[in-house]
Amino acid sequence: MQIHLDTMLVTLTVAALIIGFSLWLRGKIVDGAPRGAQNAVEALIGFVNDTVRDNFPVHNPIIAPLALTIFVFVFLCNCIDILPAYLLGHTAHLFGIEHFRPVPTNDLNLPVAMAVVVFAMVLYYEFKLKPGHFVKELLLQPFASLLLGSKNPVVKLLGVLLIPLNLTLKIIEELAKPLSLSFRLFGNMFAGEVIFLLIAMLLLVGSLDELASFGGLLSEVIGFFVGLGWSLFHMFIGLLQAFIFMILSVVYLSIAHQPAEH
Amino acid sequence: MNIDLTFVGQIIVFVAMVLLLKRLLYAPINDAMEARTKKIEDGLAAASAGEEARLRAEEEAEKRIAEAKHQAQEIVAAAERRAAELQEESTLRARKDAAAIVDAGKAELEAEKNRARQELRAEVAAISMAAAEKILGVELDASRHSALIDEAISKELA
């Protein structure tokens with residue numbers, strides 16, 4: 001089993017920065033009119049609270065902090081893409097780390113880890129709040145429910161035989177949630193990185209001699225503006241993906257908290 | 001691009017982040033926001049209560065002013081009624097006094113008239129007796145002839 005040092009280092013650094021900021025802000029919180037950083041954080045927490053309140057049927061004290069962490073953590077991890085690609089790579093290279101990939105959301109481990117945590121919470125609340133209903137859904141949906149209610153023994157037997165199929169379909173359905181959640185984030189950020197590389201390879205020149213020619217200069221200028229445009233768009237994608245990850249996590253947990261329909 | 005030990009590390013980092021952010025950032029900021037919201041709600045409730053109290057006081061004041069106006073109108077009306085009564089009483093009393101004065105004057109006039117009549121009768125009787133004495137040349141006896149003279153005078157004055 002290997003460990004990706006780049007992902008671990010960057011996520012730990014981002015986490016340390018967020019925790020450090022929280023500790024710094026904690027000593028400056030005022031009950032009166034907020035200013036500066038507190039104002040910004042309050043706006044963010046207000047936004048997260050509103051999102052959770054709009055989607056959640058009951059009060060659960062862990063959901064809003066979870067949504068806040070997902071949004072802030074994913075957004076900041078995505079934002080590392082704004083830094084010049086060679087900066088962190090070359091710095092890491094000085095410390096002997098080869099093939100440094102600065103954006104941790106480009107590593108499937110981080111999105112999957114977060115999605116698995118959310119999925120585990122969904123399963124926990126499903127089993128805790130409506131255990132019978134969830135097991136019934138696992139075994140009897142979508143095919144067996146009606147068949148088992150029949151008085152005809154053949155149809156009933158067919159219903160029993162369909163239980164493994166139901167279970168398989170339901171497991172696939174449930175597993176699709178963390179899978180789609182994590183691959184969406186990973187895919188978007190990875191694709192963004194690939195496009196950066198494509199822009200760099202296709203448009204940016206490789207040496208000073210090429211830059212001295214008209215074609216090379218023109219290509220460099222076009223490459224700069226295309227790269228800048230993509231950077232801005234990629235920042236927006238990073239923000240959007242953070243929001244999508246947060247809102248889907250809240251929605252999945254909200255579904256787990258919905259009362260069972262009879 | 002496979003799942004490995006990093007996955008476990010990321011789960012630990014993520015769960016720790018959730019717990020730490022809840023404790024260090026979310027809870028204090030949320031508490032501050034809730035405290036401020038409560039303070040604002042209390043302030044608004046107090047302002048609302050003050051406004052209600054002001055409206056109640058205004059209503060009370062208007063009610064009292066209306067009552068005072070009504071009382072003042074009643075007092076003025078009573079005073080006017082009393083004034084009219086006093087005027088009526090004064091008029092009646094004046095009329096009564098005037099009638100009494102007129103009656104007294106009439107009585108006095110009548111008394112004066114009677115007294116003048118008595119005096120005139122006495123003088124006429126004396127003059128008549130003096131004239132008769134001169135005409136007849138004899139002295140008349142007043143006690144005996146006065147009845148006749150009075151009867152004659154009464155007939156003349158009547």
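## Helix H3 of chain A against helix H1 of chain B

In this predicted model, the axes of helix H3 (residues 63–79) of chain A and H1(B) come within 9 Å and cross at roughly 105°. Axes are lines fitted to C-alpha atoms, for helices over the stretch in contact, and angles run from 0 to 180 degrees between N-to-C directions. Helices (H or I, at least four residues) and strands (E, at least two) are DSSP runs, numbered from the N terminus. H3(A) and H1(B) are therefore roughly perpendicular to each other; angles under 35 degrees count as roughly parallel, over 145 as roughly antiparallel, 65 to 115 as roughly perpendicular and the rest as oblique.

On the H3(A) side, the contact involves Ala64(A), Pro65(A), Leu66(A), Leu68(A), Thr69(A) and Phe73(A), which meet Met17(B), Val18(B), Leu21(B), Lys22(B) and Tyr26(B) of H1(B). Two residues are in contact if their C-beta atoms, placed from the backbone, lie within 7 Å. By class, the contact of H3(A) with H1(B) has nine nonpolar residues, one polar and one charged. Ala, Val, Leu, Ile, Met, Phe, Trp, Tyr, Cys and Pro count as nonpolar, Asp, Glu, Lys and Arg as charged, and the others, Gly among them, as polar.

## Helix H5 of chain A against helix H1 of chain B

Helix H5 (residues 109–129) of chain A packs on helix H1 (residues 5–136) of chain B at an angle of about 55°, and their axes are 8 Å apart. H5(A) and H1(B) are therefore oblique to each other. Their crossing is right-handed, a crossing being left-handed if the near helix is turned anticlockwise from the far one by less than a right angle, and right-handed if clockwise.

From H5(A), Asn109(A), Leu110(A), Val112(A), Ala113(A), Met114(A), Val116(A) and Val117(A) take part, and they meet Thr6(B), Phe7(B), Gln10(B), Ile11(B), Phe14(B) and Val15(B) in H1(B). The residues of this contact divide into 10 nonpolar, three polar and no charged.

## The interface as a whole

In total, 27 residues of chain B are in contact with 35 residues of chain A. The side of chain B that touches chain A comprises 20 nonpolar, four polar and three charged residues.

## Chain A

Chain A contains 10 helices and zero strands. Its radius of gyration is 24 Å, well over the 18 Å that the globule rule gives for 262 residues, so chain A is more spread out than a compact globule. The radius is taken over C-alpha atoms, and the globule rule is 2.2 Å times the number of residues to the power 0.38. The C-alpha trace of chain A spans about 85 × 55 × 35 Å along its principal axes.

Of the 262 residues in chain A, 26% are buried. A residue is buried if 20 or more other C-beta atoms lie within 10 Å of its own, exposed if 12 or fewer, and partly exposed in between, with C-beta atoms placed from the backbone. Among contacts in chain A between residues at least 6 apart in sequence, 69% join residues at least 24 apart.

## Chain B

Chain B has two helices and zero strands. The radius of gyration of chain B is 60 Å, well over the 15 Å from the globule rule for 158 residues, so chain B is more spread out than a compact globule. Its C-alpha trace spans about 190 × 20 × 15 Å along the principal axes, and 8% of its 158 residues count as buried.

Leu136(B) lies in helix H1 of chain B. Leu136(B) is exposed, with 9 other C-beta atoms within 10 Å. The C-alpha atoms of Leu136(B) and Asp150(B), 14 residues apart along the chain, are separated by 19 Å.

## Conventions

Residues are numbered from 1 along each chain as its sequence is written, while chains are lettered from A and ligands numbered from 1 in the order in which they are written. As this is a predicted model, local features need pLDDT of at least 70 and side-chain atom pairs count only at pLDDT 80 or more, whereas totals for chains, interfaces and linings use all residues.
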